[in-house]
Amino acid sequence: MSISNNDVQHVAKLARLNLTSEEEQTLTGQLNAILKYAEKLNELDTENIEPTTHVLHVSNVMREDETKESLPIEQVMRNAPEEEDGQFKVPAVME
């Protein structure tokens with residue numbers, strides 16, 4: 001598989017990039033070099049390799065849901081612009 005100048009022009013148009021012909025030539029060469037390097041992966045024997053979703057072992061980092069002591073209501077309400085019956089009072093959003 002290789003990238004042509006037309007491919008680079010098409011992608012540049014989609015990305016709304018204005019490339020000079022020199023930039024197109026450079027990108028065509030660079031993209032072809034990347035593809036050539038990636039094709040080397042096809043040479044690897046992966047017959048006995050299990051598919052993975054991550055390179056590193058990933059485990060669940062969630063902690064157990066435990067109840068804890070919360071702040072006293074008086075301390076919480078010190079931050080409220082308005083308070084009524086131990087709750088934040090906010091302007092109505094519906095009539």
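1. Start with Leu27, which sits in helix 2, a helix that spans residues 21-39. Keep in mind that this is a predicted model. Leu27 is partly exposed, at a relative accessible area of 32%.

2. Together with Leu31 and Ile34, Leu27 makes a nonpolar surface patch. The patch covers about 240 Å². Leu27 can belong to a patch because patch residues need over 30% relative accessible area, and Leu27 has 32%.

3. Stay in helix 2 and look at Glu24. Is Glu24 buried or exposed? Glu24 is buried, and yet Glu24 has no salt bridge. The nearest side chain of opposite charge belongs to Lys13, 12 Å away. A salt bridge needs a nitrogen-to-oxygen distance within 4 Å.

4. Which residues does Glu24 touch, leaving aside those up to four places away in sequence? They are Asn5, Val8, Gln9 and Leu19.

5. Now turn to charge pairing. Side chains of opposite charge can pair when their charged atoms come close. How many salt bridges does the count give? The count comes to one. Its partners are the side chains of Glu84 and Lys89. The distance from N to O is 3.3 Å, and the cut-off is within 4 Å.

6. Glu84 counts as partly exposed, with 43% relative accessibility. Lys89 is also partly exposed, at a relative accessible area of 41%.

Definitions and conventions
Residues are numbered from 1 along each chain as its sequence is written. This is a predicted model: local features need pLDDT of at least 70, side-chain atom pairs count only at pLDDT 80 or more; totals for chains, interfaces and linings use all residues. Side-chain values use heavy atoms; hydrogens and water are left out. Buried means under 20% relative accessible area, exposed over 50%, partly exposed in between (1.4 Å probe, protein chains only). Patches are made of residues with over 30% relative accessible area and no salt bridge: like charges are joined within 9 Å, nonpolar side chains (Val, Leu, Ile, Met, Phe, Trp, Tyr) within 5 Å. Accessible areas come from the Shrake-Rupley method with a 1.4 Å probe; for residues, only the protein chains shown count as cover. Helices (H or I, at least four residues) and strands (E, at least two) are DSSP runs, numbered from the N terminus. Lys and Arg count as positive and Asp and Glu as negative; His and the chain ends are not counted. Contact means heavy atoms within 4.5 Å.
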